[in-house]
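Please work through each task before reading its solution.

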Amino acid sequence: MMNDFDQVALLLLILVPLAGSLMMMFMPGDQSKESWYFAIFVAGISLILSLLVFFRYDYDAGGFQFIRTYEWLPGPLDINLALGIDGISAPLVLLNGVVLFGGVLISQTITHRIRDFFVLLLALSAGVFGTFAVRDLFFLFFFYELAVLPMYLLIGVWGSSTDFGTFLRTKEYGAMKLILFLVAGSILVWIGILALYVEASDNSAATFSLQGLAQLSESGQFDETFQTWVFPLFMVGFGVLAGLWPFHTWSPDGHVAAPTAVSMLHAGVLMKLGAYGIIRVGMFLLPEGAENWMPVLISLGTVNVLYGAVSAMSQNDLKYIIGYSSVSHMGYVLMGIATLDNVGVGGAVLQMVSHGLMTALMFLLVGSVYHRTHTRDITVLNGLASRMPVNTFFFAIAGLASLGLPGLSGFIAEFMVFTGAFRTYLPLAILAVIGAALTAVYILRLLARTFMGEADERWADLTDASPMEMSVGGAFVAIIIFIGVWPAPLMRVINVGVQTIPGV
């Protein structure tokens, strides 16, 4: 039986950052420190709520929990704020809480329109929490857009432009490219949602409820032809945000232009919304369509892995390397989803968490280096280990997790994805393993050229990461190691969620 907290937990999880964002709009714009402290307070409460929700999730019972429905638009449309999380969304809620808190803590370097920056950042995080917590397609789309749209201003106003010598890649360019791609993907998602609603209406059961639509699907109301035509709308629409090749090009440019905290949330959480949407909407509601399109998705995911790795090998900008690495690692997520194998899909969800942590950590560390050196060019940065030993250690852990070193979170996740792929699509699984080998090449190249060797005299006065950056980085490293050594607490929750996916 639910207690009082369980009944309001998810609503609080959404309202706390959303209310914090609204309250900050009325704070004086010149109170920079106060804005940061207040944002830390709000993000800290959000983290505590996400921890409570995750650890109170009963994996023995499984299914959706913390269920609560608030009537919003009754009648023919039947739109309600229906809340609930399962074993797939619970770890992602926790991931958002962790990355948000870390991103806010290290944002003391923001000096321009600080209040407005945190207003948008908290609104974005409320959208992420909402997307993971709702069980109604209308509100899922609403919160999905709330999570995506602030990125335009966060990058366009607080981002940075990059001069490559032969051309200038401006922050406005990165922001505009990002928003155009993501809005295009959202249009496809909205068309798919309306198609589901109209099809449900034709069966005298008009609803946006995920549970109601899933029951219609289980009873055969959505025939195979309909599912085959509609599923690619969700696969591509959500896939754009997940970095699906060839619709991924917005992501590296967005990473490079974004400020550090935004890069952390962008790679650490936002890209996971796309993969989550494919699972929650596409696979749950259109299982036959999913089965027909999974060979295409796993093929594109394999291209993600290889293309992202090869592209990362050819970059000299630290952020571009990590940006293309994110594209490559999201390929493992898409491959795991497409296996329709319980081990592979479970690995995909774990990879979302692992990739979110290690990529957020990498962008934190790159921001620390850039703040002190004012460059991200690895041909210029060298020998930083002697000047920034803690930063180097953290970067090495994140990099080794990225290449799948046993004992770190990346190894467990990739191992499960590979296992699922070998059981279903053997040739593509072999290519994915080759992609993992390429990851080792560019990660070790990055570590060798940036941190090892003799330090350049220009970095003689360079200081290590700040105490705040060390604290956040140390917490991320501890979680990465913990998951790698003992993944059971996460996998117990994830497994009960995966078991409920039709066809897996």
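**Exercise 1: Backbone exceptions**

P246 is situated in the loop between α9 (224–241) and α10 (250–257), where helices are DSSP runs (H or I, at least four residues) numbered from the N terminus. The model is a predicted one, in which local features need pLDDT of at least 70, side-chain atom pairs count only at pLDDT 80 or more, and totals for chains, interfaces and linings use all residues. Residues are numbered from 1 along each chain as its sequence is written, and side-chain values use heavy atoms, with hydrogens and water left out.

Task: Determine whether the peptide bond from W245 to P246 is cis or trans, and state where L340 and H374 lie.

Solution. 
1. The bond from W245 to P246 is cis, its omega being near 5 degrees.
2. L340, which is not a glycine, has a positive phi of about 55 degrees; this residue belongs to the loop between α13 and α14.
3. H374 also has a positive phi, near 60 degrees, and is a residue other than glycine. Its place is the loop between α14 and α15 (389–402).
4. As background, most residues other than glycine have a negative phi, and most peptide bonds are trans.

**Exercise 2: α2 against α3**

Task: State the angle at which helix α2 and helix α3 pack, and give the classes of the residues in their contact.

Solution. 
1. Helix α2 (residues 32–56) and helix α3 (residues 89–105) pack at about 160 degrees, with axes 8 Å apart. Axes are lines fitted to C-alpha atoms, for helices over the stretch in contact, and angles run from 0 to 180 degrees between N-to-C directions.
2. The angle therefore makes α2 roughly antiparallel to α3 (the term applies over 145 degrees; under 35 is roughly parallel, 65 to 115 roughly perpendicular and the rest oblique).
3. The crossing of α2 past α3 is left-handed, a term for a near helix turned anticlockwise from the far one by less than a right angle, whereas clockwise gives a right-handed crossing.
4. The contact (heavy atoms within 4.5 Å) includes W36, I40 and F54 of α2 and V93, L100 and F101 of α3.
5. By class, this contact of α2 with α3 has 16 nonpolar, four polar and no charged residues. Here Ala, Val, Leu, Ile, Met, Phe, Trp, Tyr, Cys and Pro count as nonpolar, Asp, Glu, Lys and Arg as charged, and the others, Gly among them, as polar.

**Exercise 3: Two further helix pairs**

Task: Find the handedness of the crossing of α14 and α16 and of the crossing of α10 and α13.

Solution. 
1. The axes of α14 and helix α16 (residues 409–424) come within 7 Å and cross at roughly 150 degrees, so α14 is roughly antiparallel to α16.
2. The crossing of α14 and α16 is left-handed. Among the residues that meet are G344, G347 and L350 in α14 and G410, A413 and G420 in α16.
3. The contact of α14 with α16 comprises seven nonpolar, ten polar and two charged residues.
4. For α10 and α13, the axes come within 8 Å and cross at roughly 140 degrees. This crossing is right-handed.
5. The contact involves S251, P252, D253, H255 and V256 of α10, and K319, Y320, G323, Y324, S326 and V327 of α13. By class there are five nonpolar, four polar and two charged residues.

**Exercise 4: Pocket and cavity**

Task: Give the volume of the largest pocket and of the largest cavity, and describe the lining of each.

Solution. 
1. On a 1 Å grid over the protein atoms alone, a cavity is a set of points where a 1.4 Å probe fits but cannot get out; a pocket is an open set with protein on both sides within 12 Å along at least five of seven lines, and lining residues have an atom within 4 Å of a point. Grid points are joined across faces, edges and corners, and a volume is the space filled by probe spheres set on the points.
2. The largest pocket holds about 470 Å³ of space. Of its 24 lining residues, T109, I110, W158, P259 and T260 are the closest to its centre.
3. α14 (342–373) is one of the elements that give two or more residues to this lining, and its five residues form the largest share. By class, the pocket lining has ten nonpolar, eleven polar and three charged residues.
4. The structure has one cavity of 30 Å³ or more, and the largest cavity has a volume of about 40 Å³.
5. The residues lining the largest cavity include H329, H355 and M358, and α13 (318–338) and α14 each supply at least two of the lining residues. The classes are three nonpolar, six polar and no charged residues.
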